[in-house]
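Here's a quick walk through one model, meant to be read with the structure open beside you.

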Amino acid sequence: MQSVIVSTNEAGQRLDKLLSKYLNLAGKSFLYKMMRKKNITLNGKKCDGSEKLSQGDEIKLFLSDETIEKFSQVKVPKVSKVKLSIIYEDENIILINKPAGMLSQKARDSDESLVEYLIDYLLSKGELSTEQLKSFRPSVCNRLDRNTSGLVVGGKSLAGLQIMSEVFKDRSIHKYYQCVVKGHVTGKQMITGFLSKDEKTNQVTVRTSEFKDSVPISTEYVPMDYYGDFTLLRVTLITGRTHQIRAHLASIGHPIVGDYKYGDKRVNEEANRLYKVQSQLLHSYQLVFPQLPEPLSYLSGKEFTAPLPPVYSAICREWRQE
């Protein structure tokens with residue numbers, strides 16, 4: 001027999017959902033059968049799986065250790081040791097300055113991503129155990145393209161993961177980017193258009209008028225500095241679509257430097273020669289949190305900024321010398 005005491009990260013969900021995580025190799029029919037036969041009880045009473053759990057509830061599994069072990073498989077990621085650039089961290093969330101070239105989430109089983117690095121980091125700190133991974137896995141609340149750098153928010157607790165994921169989903173969080181683009185851009189602009197994504201190629205198309213399967217987009221930018229044929233922009237995402245900033249700026253003749261999907265080949269080659277640029281110079285540099293509910297209310301209105309990658313400093317040094 002084993003006893004499971006419901007923790008903060010497990011409360012608020014149905015019993016059958018938690019059991020399917022804890023005994024993740026067992027079929028649902030087996031779990032419901034064990035509950036009917038009172039081989040699984042909740043707070044000493046018969047249960048059917050629909051009960052909503054509260055912190056401190058006790059689930060008893062009147063099963064052999066061999067059976068529990070047979071139906072429980074905890075996947076602990078084995079990944080390369082990566083030093084994360086942490087901007088902020090508390091018991092609920094962590095803000096990481098993701099470098100270009102790192103996946104936010106893995107696309108294939110063989111991939112290593114920020115999610116696995118985060119779990120490895122928390123395991124190594126002793127803030128997470130393999131036992132806790134049976135029922136809760138920390139993850140990221142927002143994603144950046146592999147070759148886009150900048151702020152990614154991770155949820156260390158269930159509340160942190162759920163609340164921060166929701167503010168990214170409803171766009172109440174304010175996101176600001178910096179990027180280097182081709183051309184001399186003057187004046188603050190709000191540009192609009194319509195975007196459609198090709199799922200097979202993972203590439204988007206932007207036009208000024210509505211077309212098949214397109215959605216409206218809005219992007220705001222402000223020029224911050226210039227050097228030769230390059231402009232540093234501060235960009236605000238009004239809508240948030242796949243590759244929106246990259247494709248939208250390219251559609252008006254100002255592709256992001258180093259963008260090999262939507263950019264200018266000649267400009268990219270020149271940037272690589274001068275500054276060793278190998279990916280798009282797009283950086284998610286600032287997040288401003290909206291009013292947040294408990295237990296994250298202490299983060300309401302907070303601003304977090306991630307330093308620009310070194311290549312930006314190299315280019316900006318030349319700007320300042322001009």
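## A serine in a loop

The side chains of S113 and E116 are joined by a polar contact of 2.5 Å (a pair of N or O atoms within 3.5 Å, where one must be able to donate a hydrogen and the other to accept it; residues adjacent in sequence count only if both atoms are side-chain atoms). This is a predicted model, where local features need pLDDT of at least 70, side-chain atom pairs count only at pLDDT 80 or more, and totals for chains, interfaces and linings use all residues. Residues are numbered from 1 along each chain as its sequence is written, and side-chain values use heavy atoms, with hydrogens and water left out.

S113 sits in the loop between β6 (93-98) and α4 (114-125); helices (H or I, at least four residues) and strands (E, at least two) are DSSP runs, numbered from the N terminus. S113 counts as buried because its relative accessibility is 0% (buried is under 20% relative accessible area, exposed over 50%, partly exposed in between, with a 1.4 Å probe and protein chains only).

## The nonpolar core

Now for the largest nonpolar core: it has 30 residues, and C179, L233, I245 and L249 have the most contacts inside it. Such a core is a set of buried Ala, Val, Leu, Ile, Met, Phe, Trp, Tyr and Cys residues joined through side-chain atoms within 4.5 Å. α4 gives the most to this core, with seven residues.

## The open sheet

Four strands make an open, antiparallel sheet in the order β1-β4-β2-β3 (strands pair if DSSP finds at least two bridges between them). β1 (2-5) and β3 (45-46) are at the edges with a single partner strand each, so one side of each has no neighbour in the sheet. Further in, three bridges join β2 (residues 40-42) to β4 (residues 58-61), with I40 partnering L61.
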